[in-house]
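I am opening a notebook on a structure that is new to me. I will write down what I looked up, entry by entry, with the cut-offs beside each term.

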Amino acid sequence: MSELAYNPIKPPSDDYVLSTYRHLQTVFSPRNSEYNILRKVFDGDFVGAQQAKSLGDAQFQERVKLIYNIVNATCRRYIDQMSAPPRLEGVPRGWEPKDLETADKFTKFLEYVYEANDFNVKLMQAGFYQSLLDNAVWHVRPNPDADCKIKLDLGVPDFYYPVVCSDDWNDVRGVIYAFRKFSPGTWKQDPMRAPQDGELSQNTDVVVEWWDRAFYMRYENGVRTAAIKHDLGIIPWHKAENIPIPHRFRGQGDVDQAIGLNEYLNMLMSDMADMINY
């Protein structure tokens, strides 16, 4: 077994975690690039840049506005759908009074966790990621210091790197989550800018976390700062795909489904321009 080999019984080595992270950065670079473009389209930055290139071409500007409006309308509609509270109900294992009582307690517990984590807002935020990109990632872990002992966090899909064993992307043996931390004096940095190659040296703000079914590792500036053996028995990361596609890591977002409509509108506008010119 090589030095970088993964052993599920022992904690992974520092070289294994950091070299795997660098490799996955390359593998998921196209994904993050596409996510960046979609975010700019939604924010209007992409629209402004394209309009500046048009140099007064009114028809081209209208096409760019169509892209912006379609993307925003698609995301808003999906977010509105996710604003409806889900049905939380414990299912009894039997029909004895004890089974029904246990199910009722479980339902109340789920409602408590839901409210304590402000989950109605986070569901809408997850709807944004699923519609604009193609998935949302959830981090579910114990939180001993809070009144509610379960913490539900919404992660950033750009920072989520699954480590798989086969062509089944759901067969995840570990998760690397890499992000930029806020440091004094650096708050102006864009936190959504994904870490790039070569940024694990000293004096950087990159944090790399490794999670598997037994261990948690944390690295700052390329140096391990935490190594914890937990007893969760699961990887506390869960990916919610919008429309899953078999044997592919990425599914399909609602914005992808609007591309065909946008292309049709562009063709229609071109035909209208030809008719006017004729």
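**Helix α1 and what covers it**

I began with helix α1, and found that the cover over its buried residues includes α2, β3 (160-164), β4 (172-180), β5 (206-211) and β6 (215-220). For the names I rely on DSSP runs numbered from the N terminus, where helices are H or I with at least four residues and strands are E with at least two. Buried stands for under 20% relative accessible area, exposed for over 50%, and partly exposed for what lies in between, with a 1.4 Å probe and protein chains only; contact stands for heavy atoms within 4.5 Å. The buried residues of α1 are Y16, V17, L18, T20, Y21, L24 and Q25. The helix itself, residues 14-27, has 14 residues and reaches 20 Å from its first C-alpha to its last, close to the 20 Å expected at 1.5 Å a residue, where the expected span is 1.5 Å times one less than the number of residues.

**What I am reading from**

I note that this is a predicted model, in which local features need pLDDT of at least 70 and side-chain atom pairs count only at pLDDT 80 or more, while totals for chains, interfaces and linings use all residues. Residues are numbered from 1 along each chain as its sequence is written, and side-chain values use heavy atoms, with hydrogens and water left out.

I then looked up the pLDDT, the predictor's confidence in each residue from 0 to 100, and its mean over the chain is 78, with 72% of the residues at 70 or more. Over residues 271-278 the pLDDT is below 50, and this stretch has one contact in the model beyond near neighbours in sequence.

**L38 in helix α2**

Next I turned to L38, which lies in helix α2 (residues 29-43) and counts as buried at 17% relative accessibility. Leaving aside its neighbours within four places in sequence, L38 is in contact with L132, L133 and V255.

**Salt bridges**

How many salt bridges does a search of the whole structure find? I record 13 salt bridges, taking each as a side-chain nitrogen of Lys or Arg within 4 Å of a carboxyl oxygen of Asp or Glu. One of them joins D153 and R141 at 2.8 Å, N to O, and this pair links distant parts of the chain, with D153 in strand β2 (residues 150-154) and R141 in strand β1 (residues 135-142), 12 residues apart. D153 also meets K151 in a salt bridge of 3.8 Å, N to O. I looked up how open these residues are, and D153 is partly exposed at 22% relative accessibility, as R141 is at 26% and K151 at 26%. Salt bridges that share partners join K122, R141, K151 and D153 into one network.

**Aromatic rings**

My last entry concerns rings of Phe, Tyr and Trp (its six-membered ring), which pair if their centres lie within 6.5 Å, with planes under 30 degrees apart counted as stacked, over 60 as edge-to-face and the rest as tilted. By this rule I have 12 aromatic pairs. The rings of F119 and W138 have centres 5.0 Å apart and planes at 40 degrees, so I list the pair as tilted. Because F119 lies in helix α6 (residues 119-132) and W138 in strand β1, the pair ties together parts that are 19 residues apart in sequence. Both F119 and W138 are buried. Elsewhere in my list, ring pairs link F159, Y160, Y177, F179 and W237 into a cluster.
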